[in-house]
Amino acid sequence: MKLCRFAISDNSTRIGISIDSETVIDLTDAQITSLGQILEQTDPMSFLKQLDLSALPKIDLASVKLLPPVDRQEVWAAGVTYFRSKTARMEESDFSATAYDKVYDAPRPEIFFKSVPEKVVGPNTDVGIRKDATWNVPEPELALMINRSGSIVGYTIGNDMSSRDIEGENLLYLPQAKVYDKSCALGPWIVLGVTEAQVREWEISIRIDRNEKTEFSGSTSIDQIKRQFSDLAEYLYRSQSFPDGAILLTGTGVVPDDSFTLEEGDQIHISISGIGSLSNRVCRV
Ligand code: DO4
Ligand code: MG
């Protein structure tokens with residue numbers, strides 16, 4: 001089952017369930033107005049199944065604006081979880097190579113803060129590249145939806161936009177390479193009721209178009225993520241509580257060649273086979 005947040009013409013924010021590629025069921029009349037009301041249920045799938053969905057309004061998907069699937073959850077990100085991410089970052093910086101090499105094999109994963117909920121951008125809006133950066137890339141990532149008890153209850157698509165020149169200059173600049181306006185995109189759907197084993201069979205792919213021509217494309221298997229999802233969630237929740245739950249990006253496994261940098265106007269399309277596609281245009285911020 002797929003959940004979304006969306007707005008209709010009066011700009012009110014609603015929660016919906018996708019039943020097919022053309023329609024969304026509006027859950028407002030079932031008094032559901034936040035994702036948290038579903039994600040914090042002991043069993044979100046059973047909770048949704050006991051609603052009388054046939055009595056709820058169905059809306060044409062083409063007439064709604066899909067919003068980022070986040071209400072009050074902080075967004076965090078894991079790094080260097082794929083071998084490809086480790087090698088790309090070791091090439092990017094002699095200064096930091098040892099740190100990336102070590103963290104890939106260490107029991108404790110790299111986890112960093114990515115975004116407050118209100119700064120996350122949704123599908124079909126702009127993502128940003130910093131005006132003081134010269135080497136910018138998108139990072140296509142699986143995102144875990146985690147409830148307040150630390151259980152993974154769903155999955156969505158994330159883009160951990162990154163400035164590689166800033167990150168490569170000095171590891172201590174990582175927060176500036178990762179956290180700035182429009183640097184985090186999420187959406188469009190949260191998929192519920194799937195296991196980690198099922199998710200590991202999914203593919204993640206990215207296509208970047210410039211002037212209507214594909215400038216870069218690549219893909220990998222989610223199964224290439226080195227760490228168990230539950231292990232990543234457990235580290236995030238160690239000595240830290242999230243009363244509204246959290247979203248954790250799981251790292252990138254698709255990195256363009258070093259000659260590639262994003263330009264204003266590029267269109268980024270990230271797809272995960274079990275979820276759908278997240279598309280954004282690039283702007284300078
Ligand atoms: O330490 C650098 C960031 C790593 C990252 O964001 C990733 O591997 O996806
Ligand atoms: Mg990343």
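Guide: Welcome! A residue is near a molecule if one of its heavy atoms lies within 4 Å of it. This is a predicted model, where local features need pLDDT of at least 70 and side-chain atom pairs count only at pLDDT 80 or more, while totals for chains, interfaces and linings use all residues. Residues are numbered from 1 along each chain as its sequence is written, chains are lettered from A and ligands numbered from 1 in the order in which they are written, and side-chain values use heavy atoms, without hydrogens and water.

Visitor: Which residues come nearest to ligand 1?

Guide: Of the 15 residues around ligand 1, those are Val80, Ser85, Glu110, Lys178 and Thr252.

Visitor: Which atoms of Val80 and of the side chains of Arg89 and Asp160 lie close to oxygen atoms of ligand 1?

Guide: Look for polar contacts, pairs of N or O atoms within 3.5 Å. With Val80, a backbone N or O atom is 2.8 Å from a ligand 1 oxygen.

Visitor: What are the protein donors of the magnesium ion, ligand 2?

Guide: Donors are N, O and S atoms within 2.8 Å of the metal (3.2 Å for Na, K and Ca); water is not among the atoms, so sites may look incomplete. Here Glu139 (OE), Glu141 (OE) and Asp160 (OD) lie 2.0 to 2.1 Å from the magnesium ion, with the chain spacing E-x1-E-x18-D. Glu139, in the loop between strand 9 (136-137) and strand 10 (140-146), is 21 residues apart from Asp160 in strand 11 (152-160), so the pair links distant parts of the chain. Strands are DSSP E runs of at least two residues.

Visitor: Where is there a cis peptide bond, and which residue other than glycine has a positive phi?

Guide: Most residues other than glycine have a negative phi, and most peptide bonds are trans. Gly187 and Pro188 are joined by a cis bond, omega about -10 degrees, and Pro188 lies in strand 13 (184-192). Asn11 has phi near 75 degrees, in the loop between strand 1 (2-7) and strand 2 (13-18).

Methods. A polar contact is a pair of N or O atoms within 3.5 Å; within protein, one must be able to donate a hydrogen and the other to accept it, and residues adjacent in sequence count only if both atoms are side-chain atoms. Helices (H or I, at least four residues) and strands (E, at least two) are DSSP runs, numbered from the N terminus.
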